[in-house]
Amino acid sequence: MTLGAAIAPCAPNAAITGSRLSRTEMHAKPKHSKRFRAILEKVEKRPYKTMEAIQVLKEVASAKFAETFELHADLNIDPRKATQNLRTTVVLPKGTGKTVKVAVLCKDENVGDYKAAGADVAGFQDLIDDINKGELNFDRLITTPDLMPQIARLGRVLGPKGLMPSIKSGTVTTDVPNTLKEIKAGRLELRADKKGVVHIPFGKVDFEDDALLENFRAIQDTIDANKPSDIKKQYWNSAYLTTTMGPGIQLDLSALNAKEYGE
């Protein structure tokens, strides 16, 4: 997909979310607020190096809260093929800037140990009952392989919320303490949607520039390391950075591939 402009033509959660837009959608002229139009005037219509984009987005951030930085990367893959279904994890070295509440579905005798290791919620039948009632008081759920039959029965509740543990996401594990530590420190699931687009946050606008770049590079390195072996052509189609309330800024792919970030 090539969106064609350095600035996404509408709000970040629309144009740059990576969906392959129809011709009508591509040429639509959405109405923007006065605040958003003023922001767009400060962004040049050209691809940016990563650090440039980070600095511009921080400069124009005007929300009354710490907006989240996001990467939206359109990859030249077909997730319908088993060999091109990108799904892995990445640890952001500078964290996400968000406090993550983690629950562990475990045997009763392990509850104390896992809470001591950092679990916010841990339990067996009580936790199963809460999940069945829709009481999902956590952001991530971890379990062990031997309890997957119990987890499978909760799929109708957990699946739609994106909370279903899996081996690929690293949330079905035999090393619960280490998994807790990594998630608390900033481990995220990195996956492409059905269009082949990765959407992932990598920090807050109140992070230092270098910290945001370090997190971004960890994501880029992970995406590149998981390039399917049967992809012989260009891997990245396009990449945009945005913030929660900000515009989407297109990245310079030539600089990105050369790992020239504009520091």
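The questions and answers below go through how the terms used for this predicted model follow from its values.

User: What kind of model is this, and which residues and atoms count?

Analyst: This is a predicted model, where local features need pLDDT of at least 70, side-chain atom pairs count only at pLDDT 80 or more, and totals for chains, interfaces and linings use all residues. Residues are numbered from 1 along each chain as its sequence is written, and side-chain values use heavy atoms, with hydrogens and water left out.

User: How many helices and strands does the protein chain have, and what makes a run count as one?

Analyst: The chain has ten helices and nine strands. Both are DSSP runs numbered from the N terminus: helices are H or I with at least four residues, strands are E with at least two.

User: Why is Gln 220 called buried?

Analyst: Its relative accessible area is 2%. Buried means under 20%, exposed over 50%, and partly exposed in between (1.4 Å probe, protein chains only). Gln 220 is therefore buried. This residue is found in helix 9 (residues 209-225). Of the 263 residues of the chain, 48% count as buried.

User: What is Gln 220 in contact with, leaving aside its neighbours within four places in sequence?

Analyst: Gln 220 is in contact with Trp 236, Leu 256, Lys 259 and Tyr 261. Contact means heavy atoms within 4.5 Å.

User: Why does Lys 259 count as partly exposed?

Analyst: Lys 259 has 39% relative accessibility, so it counts as partly exposed. Lys 259 lies in the segment after helix 10 (253-257). Its phi is near 55 degrees, a positive value in a residue other than glycine.

User: What puts the buried residues of helix 8 on the same side?

Analyst: The buried residues in helix 8 (residues 176-185) are Val 176, Thr 179, Leu 180 and Ile 183. Their arc around the axis is only 100 degrees, which puts them on the same side of helix 8. What covers them includes strand 3, helix 4, strand 5 and strand 6 (187-191).

User: Why are helix 3 and helix 9 called oblique?

Analyst: Helix 3 (residues 50-60) packs against helix 9 at an angle of about 130 degrees, with the axes 10 Å apart. Axes are lines fitted to C-alpha atoms, for helices over the stretch in contact, and angles run from 0 to 180 degrees between N-to-C directions. Under 35 degrees counts as roughly parallel, over 145 as roughly antiparallel, 65 to 115 as roughly perpendicular, and the rest as oblique. The two helices are therefore oblique to each other.

User: Which residues make the contact of helix 3 with helix 9?

Analyst: Helix 3 gives Thr 50, Met 51, Ile 54, Gln 55 and Lys 58, and helix 9 gives Asp 209, Asp 210, Leu 212, Leu 213 and Phe 216. By class, the contact has five nonpolar, two polar and three charged residues. Ala, Val, Leu, Ile, Met, Phe, Trp, Tyr, Cys and Pro count as nonpolar, Asp, Glu, Lys and Arg as charged, and the others, Gly among them, as polar.

User: What makes Ala 117 partly exposed, and where does this residue lie?

Analyst: Ala 117 has 31% relative accessibility and so counts as partly exposed. Ala 117 lies in the loop between helix 4 (111-116) and strand 4. Ala 117 and Leu 180 are 63 residues apart in sequence and 7.1 Å apart in space, C-alpha to C-alpha.

User: Is Asp 74 buried or exposed, and why?

Analyst: Asp 74 has 1% relative accessibility, so it counts as buried. Its place is in strand 1 (residues 68-75). Asp 74 and Ser 238 are 164 residues apart in sequence and 5.2 Å apart in space, C-alpha to C-alpha.

Definitions and conventions:
Arc of directions from axis to C-beta.
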